[in-house]
Amino acid sequence: LLAALLLLAAASVVWAYWTTLGDLVERWRRDPDYSHGFLVPLFSVALLVLRAPKLRRDRLAPSWWGVLVLLAGVLVRLAGALFYLEWFDALSLVPCLFGLCLLIGGRHAAQWACPAILFLLFMVPLPYRLDVALAQPLQQVATRASSYALVTLGLPAIAEGSVIILNDVEIGVVGACSGLRMLVVFFAIATGVALLIRRAWWERLVLVASAIPIAIAANVARIVVTGLLYQVVSNEAASRFFHDLAGWFMIPLALTMVWAELRVLSRLWVPDPAGDGGVVGLGLKPGEPADEAAAFAAARS
């Protein structure tokens, strides 16, 4: 019966949001800033599969609170249609899915599916105003930080507006190169990693928040390498790297930064060997005797 209800609910959502989903797919296909949207639903499904052992059938019970949540999602979608806000139309899918889970399986089912449902927010493109508001500051930061890095490397770089003048070459950090695309993708990556790893809640929060500096650092590295290629190799090689190859290297670079951050966090804060859930301080490794941990903590104090 539960499986039949889930299939019926899934079919109802697909039928109700068929045109919205079609518009999202078209946006992912033509807009490189949101091409990661194709992977977001797949990751959500994989997250549900990984969390399947946490779902207990004996705790599933329908809850009428799901009707209120579902109604809230419908009202958000109606508001989007009334005020011509396409973002609201796609956004309403999240409360509708959450309301269906709450209605069919109750609070336990909603808690189990909540991370996967919330992750679907990354497949919704940002509103135009927010997109512009974020792109301009990121563009300025990328220009100034890249020019400073190039000067540090010994190259005569000057930042004028959103253009870096490097000898007789001008590197334009246009809106498409502001780093907003990396910011959205890296937020999705950091959130996905935070949902998969077994760490304290504050470590996961730090990991998600670090998506901002990681995105800025990756974009600056892209611009700096482009400037070096202009000076060392050729204009053609630099242009090809900047527009084609750099995008493929940013994701591995981001994953490397996330891995390094997790390693640093694991070195900074180590679980208490006594098993009381605390931390013993800096530099200790798991499994050290409790007396050594206490002596080290005392020495640090």
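Helix α2 (residues 18–30) comprises 13 residues, which at 1.5 Å a residue should span 18 Å, the expected span being 1.5 Å times one less than the number of residues. The C-alpha atoms at its ends are 19 Å apart, in agreement with that value. The structure is a predicted model, in which local features need pLDDT of at least 70, side-chain atom pairs count only at pLDDT 80 or more, and totals for chains, interfaces and linings use all residues. Residues are numbered from 1 along each chain as its sequence is written, and side-chain values use heavy atoms, leaving out hydrogens and water.

Within α2, Thr20, Leu24 and Trp28 are buried (under 20% relative accessible area, with exposed meaning over 50% and partly exposed in between; 1.4 Å probe, protein chains only). Viewed down the helix axis, the buried residues of α2 fall within an arc of 75°, so they line one face; the arc is that of the directions from the axis to the C-beta atoms. This face packs against α3 (39–50), α4 (65–82) and α5 (86–91), where contact means heavy atoms within 4.5 Å. Trp18, Thr19, Asp23, Arg29 and Arg30, on the other side of α2, are exposed.

The protein as a whole has twelve helices and three strands, assigned as DSSP runs (helices H or I, at least four residues; strands E, at least two) numbered from the N terminus. Of its 301 residues, 36% are buried.

Zero disulfides are found in the whole structure, a disulfide being a pair of cysteine sulfur atoms within 2.5 Å. For cysteine 114, the nearest cysteine sulfur, that of cysteine 101, is 9.4 Å away.
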